[in-house]
Amino acid sequence: MTSLQLPVGFQFAGVRCGLKSASDRPDVALILSDVPAVAAGVYTQNLVVAAPVVLCRSRTPLETVRAVVVNSGNANACTGQRGQQDAQQMCRLTASALQRQMTGQSVTEQQVLVMSTGVIGRFLPMEKVSRGIEQAAVELAQGETAFLRAAEGILTTDQGRKVTTRSCQLGSRLIRLAGMAKGAGMIGPNMATMLCCVVTDAPLAVMQAQRLLRDAANLSFNNISVEGHTSTNDSMLLLANGMAGGQQLTGDEEQVFAEHLQAMCIELAKQIPADGEGAAHLIEVRVVGADSSSDARQIAVEIARSNLVKCAVRGGDPNWGRIVSAAGYAGAEFDPQQVDLKVNGIELFRRGEPVSFDARQASQAIRQSFDTIIELSVGSGSGTCTHWTSDLGVEYVRFNSEYTT
């Protein structure tokens, strides 16, 4: 991995407190801004939400956040009043631990946000969590090693860390962004089963940050799936501490920043289905020519969540009928006689009719590449959407049939 260019004014830690008894990975992560930061958030659209989601929704957007504490191994979801109390307690514990480490600085529990991920329906072992938070506060540090350790602390079934950084020169200012995410299974659009935290030293206003984050999420984490299961805990946070200096980003500078934020979120989002439990292919579904972007998205999502399409890709089967039929029942209007389809650049279907192609070559094009690109044109409209998903194999079934045992 190349050296990570991290934003100014953030510290990180990742420690193990025993929430994941079968793993030696860190299971508590802590992110600290050296100064109060603007914070924005987007969250799951599931009606059943975890206690940390309720808490963060009530606090964001906010101008004075100092820290985000994350635990993995336990979702603190469907845990009732005790779960709410435990989420609040995590914020209190974090504020108190930081106070002890930062002489002369004040941190309140209202300045702390919390995220959790893991098994649903189990109470947090708060004695372990408390020890983990205390240790994380002691180990907070700047730099790549600490950042990567924190990125490990938010993982559950992931095979490895999901991180990325970007920078952009805006006049005399160098603006940096860094993001960490987790997610591999229980992934459905709006959002996916994932956590993500993006930190930046850009100066942003609170509602500006919320708008930029929502736009970035719609282009990235709202366009990924594994099996279409929308989680109770999906959370994406943006912290902007303004330590790059200068006035709030506006005009062209805001646009450049937005493009970098969106590109970074897409990069992070794609890492999730690429790490789909047991996945052998990352599938990119590109739909163009729809009457609207919402129609294109409807079609792309339906193709992406089709188990028949997923299995075809897994087996290297250029079964165009599964793709075209999934588009047809998506509920968006289009003329079937205008449909064109390519898979990994090989044309399989044109103007509503199959075309002659080398099935062996098409199969090899799928089998020999981790990335499978499905390009579907449904007309001449302006609506487009790109959605990412994973294939489906026996490993996924095995893993998820044994997840809590």
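Which residue takes a positive phi in the hairpin of β10 and β11? In this hairpin, which has 2 residues between the strands, N344 adopts a positive phi near 50°. The structure is a predicted model, in which local features need pLDDT of at least 70 and side-chain atom pairs count only at pLDDT 80 or more, whereas totals for chains, interfaces and linings use all residues. Residues are numbered from 1 along each chain as its sequence is written, and side-chain values use heavy atoms, with hydrogens and water left out.

Helices (H or I, at least four residues) and strands (E, at least two) are DSSP runs numbered from the N terminus, and two strands are taken to pair if DSSP finds at least two bridges between them. Strand β10 (residues 340–343) runs antiparallel to strand β11 (residues 346–350), to which 3 bridges join it. Within this pairing, K342 stands opposite E347 in β11. Strand β11 also pairs with strand β12 (residues 353–354), in the antiparallel sense and over 2 bridges. The bridge partner of F349 in β12 is P354. The hairpin formed by β11 and β12 has 2 residues between the strands, and R351 in its turn shows a positive phi of about 50°.

Charged side chains were examined next. A salt bridge is defined as a side-chain nitrogen of Lys or Arg within 4 Å of a carboxyl oxygen of Asp or Glu. The search of the whole structure finds 14 salt bridges. Accessibility is classed by relative accessible area: buried means under 20%, exposed over 50%, and partly exposed in between (1.4 Å probe, protein chains only). R286 forms a salt bridge with E284, with the closest N and O atoms 2.5 Å apart. R286 is partly exposed at a relative accessible area of 31%, while E284 is buried at 13%. R286 also forms a salt bridge with E375, the closest N and O atoms being 3.8 Å apart. Because R286 lies in strand β9 (residues 282–290) and E375 in strand β13 (residues 371–377), this pair ties together parts that are 89 residues apart in sequence. E375 counts as partly exposed, at 29% relative accessibility.

A further salt bridge joins the side chains of D391 and R314 (3.3 Å, N to O). D391 lies in the loop between β14 (383–390) and α11 (394–401) and R314 in helix α8 (residues 307–314), so the pair ties together parts that are 77 residues apart in sequence. D391 is buried, at 3% relative accessibility, whereas R314 is partly exposed, with a relative accessible area of 23%.

R173 lies in strand β6 (residues 173–182) and counts as buried at 12% relative accessibility. Its side chain reaches the backbone oxygen of G245 at 2.8 Å, a polar contact (a pair of N or O atoms within 3.5 Å; within protein, one must be able to donate a hydrogen and the other to accept it, and residues adjacent in sequence count only if both atoms are side-chain atoms). Contact in general denotes heavy atoms within 4.5 Å. Leaving aside neighbours within four places in sequence, R173 is in contact with C168, P203, A244, G245, G246, Q247, L249 and E253.

Helix α6 (residues 251–274) has 24 residues and reaches 35 Å from its first C-alpha to its last, close to the 34 Å expected at 1.5 Å a residue; the expected span is 1.5 Å times one less than the number of residues. Among the buried residues of α6 are E254, F257, L261, M264 and L268.

A nonpolar core is a set of buried Ala, Val, Leu, Ile, Met, Phe, Trp, Tyr and Cys residues joined through side-chain atoms within 4.5 Å. The largest such core has 35 residues, of which C196, L204, F221, M236, F257 and L261 touch the most other members. Two or more residues are given to this core by each of β2 (28–43), β5 (162–170), β6, β7 (195–200), α5 (206–219), β8 (235–240) and α6. Its largest share, 8 residues, comes from α6. A second, separate core of 33 residues includes M115, L195, V199 and L239.

G381 is found in the loop between β13 and β14 and counts as partly exposed, at 31% relative accessibility. Leaving aside neighbours within four places in sequence, G381 is in contact with G289 and A290. G381 and A244 are 137 residues apart in sequence and 42 Å apart in space, C-alpha to C-alpha.
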